[in-house]
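I opened a new notebook page for this model.

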Amino acid sequence: MNPHDESDDMNDGDTAPPDIPICAADALIAATAAPAPDDLAERIAATAATARPAGRMIALGTGAAQPIDAFCSTALELRALLLELSDAEWHAPTRTQYGTVRDLVAHLAGSEDYCTRAMARVPAVDPVADFDHPACSREVAASLAELTNDELGEAWFALSTTFAEACRNDPDTVPLSLHQLPMSIGGALVLRTFELWAHTEDICAAIGRPLPRLDGPRLSCMASRLVGAIGSLVRLPDAPGITGRVVLLGPGGGVADFGVAATGEAPGTRIVADIVDYCRVASRRISAEDLPRSVTGDDRLVAPFLAATSMFAKD
Amino acid sequence: MQSDLLTASIVRTTDTGLHPDTELLARLLEGDSGALRAAYACYSSLVFGLARRVTSSASAAEDITQEVFLQLWERPDAVDLSRGSLRSYLGVVTHRRAVDAVRRASRARTRDERAGWESNTTSLGIEGGVVERDEQARRTRQLREAIDTLPADQRRALELAYFGDCTYREVATELGIPEGTAKSRLRLAIAKLRDLIDAPERLAQA
């Protein structure tokens, strides 16, 4: 239950007072403060220790959505947004290299088609060109040029559905290659979820709408898969034993250790950040330097960790 | 964790643009019970005062304060600092729980009144009705006293299920526990109530 996510309108009649909006909470609690009974702190501490023993972390990935569900929810949200766009909004310029909203959606259609071919193990004609994410979507994007805006939106959604269906037919762990990067189907779905979310934000920014906020289970899926994938890659050549911990705050947040450590060794670096901001670093919507964060300990590990965070981003 | 970090070869602490509650929440996520004590020290009077104001009951306010801080301990990831401070979050959660408590009490009163009206309209006759009402009042008082002696977690489960019209699943969801645990708590609570209520009668019969 996250009160920050719920409606403020919970009044069901005259029998009870209405719920308060969050903006009024501060004023109300300040006006009504009264000391709690002396023994309550101890009772709470005792019950808390039973519910969750001290020292037990909330691991990043607790309550995470399945990658297929994360991808499908994000695709459905983007589709809902596209269905609302006016002609002018379809032609609004975005901050991406693709141009307008329409060009961006055509790129996404090409990306979905590329991924579906990867699922079918269709080998790349040119492995060097296969590294180039924008180029890989260009042919399909060009083939959709004559469609109306609405038709283009539906064409992208149909291709994303085809990709999702292809993923559903195989277990999450089946290996495949995207842009010459080996990964599992689960990893590919998470990568695609990052891209859809980032481009949904690009479209919202282009047309002046509020940015979408992903739910906790999706953020948890994305961040935990990402940290899991890069965790063992992060190390300092001159101090290979130093490991790190990332604490991500907000719905979907949790704690994860990274780096290669001798068993039982405590992390030497601790990075605290908001989970959404961290995911924006992963999709290169925030630079590593601009990530609001708190670092404790040996900060030499921070730069390699954040560099690895954005290494899978496909824009 | 903190002391381990302080022994690292290069120790620096840098904060860039984060909310002041960040460190407290990070420690809660890491399972630092000192962070719960710190949160309680900061916000318990706010939580307790608000709950008492809404429910007009110090006892209900104690229960709500306990639930609110347990929720913070078990789900610190639910706090979204991009939407408000920890203080605001606790205010909203407290207010919601207090309102729920008021509603449950109101529903229970309505049910009691309806039950009382129905018992008055049975064909026991005037004397029989009076005797039955007295007996019912005695048993109700006995039941409430017995409920007050239950452990807080069992009492809360019982209140939700029997006074709040919640199903097992709803009790489990509300308390953030598995359904099986909710059933066990209710079974234990009912068994204990039965013992507590029957004990004086058994003593009287002995």
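My entries follow, from ground rules to single residues.

**Ground rules.** This is a predicted model, where local features need pLDDT of at least 70, side-chain atom pairs count only at pLDDT 80 or more, and totals for chains, interfaces and linings use all residues. Residues are numbered from 1 along each chain as its sequence is written, chains are lettered from A and ligands numbered from 1 in the order in which they are written, and side-chain values use heavy atoms, with hydrogens and water left out.

**Chain A, overview.** I looked up the elements first. Chain A has eleven helices and six strands. Helices (H or I, at least four residues) and strands (E, at least two) are DSSP runs, numbered from the N terminus. I then checked burial: 52% of the 315 residues in chain A are buried. Buried means under 20% relative accessible area, exposed over 50%, and partly exposed in between (1.4 Å probe, protein chains only). For contacts (heavy atoms within 4.5 Å), I noted the sequence range. In chain A, 73% of the contacts with a separation of 6 or more join residues 24 or more positions apart.

**Chain B, overview.** Chain B has nine helices and one strand. Read from the N terminus on, its elements run α-β-α-α-α-α-α-α-α-α. Of its 206 residues, 44% count as buried. Residues 24 or more positions apart make up 62% of the chain B contacts with a separation of 6 or more.

**Helix pairs.** Two packed helices are described by the angle between their axes and the distance between the axes. Axes are lines fitted to C-alpha atoms, for helices over the stretch in contact, and angles run from 0 to 180 degrees between N-to-C directions. Angles under 35 degrees count as roughly parallel, over 145 as roughly antiparallel, 65 to 115 as roughly perpendicular and the rest as oblique.

I began with α5 (residues 101-119) and α7 (residues 149-168) of chain A. They pack at about 25 degrees, with axes 9 Å apart. α5(A) and α7(A) are therefore roughly parallel. Their crossing is left-handed, meaning that the near helix is turned anticlockwise from the far one by less than a right angle (right-handed if clockwise). By class, this contact has twelve nonpolar, five polar and three charged residues. Here Ala, Val, Leu, Ile, Met, Phe, Trp, Tyr, Cys and Pro count as nonpolar, Asp, Glu, Lys and Arg as charged, and the others, Gly among them, as polar. A:Trp156 is one of the α7(A) residues in this contact.

Next came α3 (residues 67-84) of chain A against α7(A). The angle is about 170 degrees and the axes are 10 Å apart. The two are therefore roughly antiparallel. A:Trp156 is among the α7(A) residues here too, and A:Phe71 is among those of α3(A). I noted 13 nonpolar, two polar and three charged residues for this contact.

Last, I took α10 (residues 275-282) and α11 (residues 302-309) of chain A. Their axes come within 7 Å and cross at roughly 70 degrees. They are therefore roughly perpendicular. A:Tyr278, A:Val281 and A:Ala282 of α10(A) make the contact with A:Phe305, A:Leu306 and A:Thr309 of α11(A). Five of these residues are nonpolar, one is polar and none is charged.

**Cores.** A nonpolar core is a set of buried Ala, Val, Leu, Ile, Met, Phe, Trp, Tyr and Cys residues joined through side-chain atoms within 4.5 Å. Which residues touch the most other members of the largest nonpolar core? Of its 85 residues, they are A:Trp156, A:Leu178, A:Ile203, A:Tyr278 and A:Phe305. Helix α8 (residues 185-207) of chain A gives the most to this core, with eleven residues. Another core, of 44 residues, lies apart from it and includes A:Leu249, B:Leu28, B:Ala61 and B:Ile64.

**Two single residues.** A:Gly244 is in strand β3 (residues 244-249) of chain A. It counts as buried, at 0% relative accessibility. Its C-alpha atom is 8.3 Å from that of A:Val302, 58 residues apart along the chain.

A:Leu236 sits in the loop between α9 (216-230) and β3 of chain A. Buried or exposed? A:Leu236 is buried, at 8% relative accessibility. Beyond its neighbours within four places in sequence, A:Leu236 is in contact with A:Ile242, A:Arg300, A:Leu301 and A:Pro304.
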